[in-house]
Amino acid sequence: MLRTNEVKRKLAVGDLVHGLFCTTPVPELVEMIAHGGYDFVVLDTEHTLVDARELSHAIRAAEACGLTPFVRISAGDFATALRVLDAGAMGIVVPHVRSRADVSAALEAMYYAPLGKRSLGNGRTTGFGRYEPVEHLRRANDEIMLVALIEDAEGVADIDGILSGGGVDLVLPGPADLSQSFGFPWRLGDTRVRAALDRLRAACAEHAVPYCAMARTEQRYAQWRDAGVRAFVCGDAADLAAAALRRSLPDLRG
């Protein structure tokens, strides 16, 4: 049976949650993230060529270590969303959410009736048919999360429409893609990108939806904490590993 979504529970009571993207979604790295003290991992299938079996093992590894597993799909790839939810993912990160229509499509694909039209099955989250099916549907609808990734100028402009009507459990910005959407790729410190992020945070506060800040430095983390943010993605595990490798030999040589 599906476990309690600890990220959803912690956010509901005002606790802090921290996570990492994982563009190398292998079980051992997922275990390292868990033992690093993080609350959740975003297993990436949008920018990563990942074997389905390996991805299912990564989800199991997260479960075994008490880490909440989310999966980022490609835009509109709700067939993958169905499979990873059946495999035990506790949330779907939906990229390039630009309008309420994108939210509605995700809700229909991710949730069972009466919230959506997710296809029924008797996989591992049902105990392979062991658990009472109607109760499983209720728990699945209660526990999984829709994480809206806002990474386009259109999404920022329509954030009130996106959040109106409910259904979004967490808003995550994509600063890099936002910079490209505004016409200046990778200029993440540009005032227009910062203004867009502030607009998203403010809209989330207005609609009582948690905002998940991208915080890769102590300074940005402190700034977002001061702004009342309680959810953080602190980078990508692969980037952190690569940075550590770049430092290791020079540090060893002195």
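Visitor: How many disulfides does a search of the whole structure find?

Guide: A disulfide is a covalent bond between the sulfur atoms of two cysteines. Here the term is applied to a pair of cysteine sulfur atoms within 2.5 Å. The search of the whole structure finds 0 disulfides. Please note that this is a predicted model, in which local features need pLDDT of at least 70 and side-chain atom pairs count only at pLDDT 80 or more, while totals for chains, interfaces and linings use all residues. Residues are numbered from 1 along each chain as its sequence is written, and side-chain values use heavy atoms, with hydrogens and water left out.

Visitor: Are Cys 65 and Cys 234 buried or partly exposed?

Guide: Buried means under 20% relative accessible area, exposed means over 50%, and partly exposed lies in between, using a 1.4 Å probe and protein chains only. Cys 65 is partly exposed, with a relative accessible area of 28%. Cys 234, at 18%, counts as buried.

Visitor: In what order do the strands of the open sheet lie?

Guide: Strands of a sheet pair through backbone hydrogen bonds, either parallel or antiparallel. Strands (E, at least two residues) and helices (H or I, at least four) are DSSP runs, numbered from the N terminus, and two strands pair if DSSP finds at least two bridges between them. In this model, 8 strands form an open sheet in the order β6-β5-β4-β3-β2-β1-β8-β7, with parallel pairing. The edge strands, each pairing on one side only, are β6 (170–173) and β7 (212–214). From one strand to the next, the twist averages 25°.

Visitor: Which residues stand opposite Val 233 in β8?

Guide: Met 214 stands opposite Val 233, and Gly 19 also stands opposite Val 233. β7 pairs with β8 (residues 231–236) in the parallel sense over 3 bridges. β1 and β8 also run parallel, joined by 4 bridges.

Visitor: Where do the side chains of β1 point?

Guide: In a regular strand the side chains alternate between the two faces of the sheet. In β1, Val 17, Gly 19 and Phe 21 point one way and His 18, Leu 20 and Cys 22 the other way, and all are buried. Because 6 of the 6 residues of β1 are buried, the strand is largely enclosed by the rest of the structure.

Visitor: Which residues cover the two faces of β2?

Guide: In β2, Phe 40, Val 42 and Asp 44 lie on one side and Val 41 and Leu 43 on the other; all are buried, and both faces of the strand are covered. With 5 of the 5 residues buried, β2 is largely enclosed by the rest of the structure. β2 pairs with β1 in the parallel sense over 4 bridges, and Leu 43 is the bridge partner of Cys 22.

Visitor: At what angle do the axes of α2 and α3 cross?

Guide: Two packed helices are described by the angle between their axes and the distance between the axes. Axes are lines fitted to C-alpha atoms, for helices over the stretch in contact, and angles run from 0 to 180 degrees between N-to-C directions. The axes of α2 (residues 27–35) and α3 come within 8 Å and cross at roughly 25°. That makes α2 roughly parallel to α3, the term for angles under 35 degrees, whereas over 145 counts as roughly antiparallel, 65 to 115 as roughly perpendicular and the rest as oblique. Contact means heavy atoms within 4.5 Å; here it is made by Pro 27, Val 30 and Glu 31 of α2 and Glu 54, His 57, Ala 58, Ala 61 and Ala 62 of α3.

Visitor: Is His 136 buried or exposed?

Guide: His 136 is found in helix α6 (residues 133–143). At 3% relative accessibility, His 136 counts as buried. Leaving aside neighbours within four places in sequence, His 136 is in contact with Leu 2, Tyr 112, Thr 125 and Thr 126.
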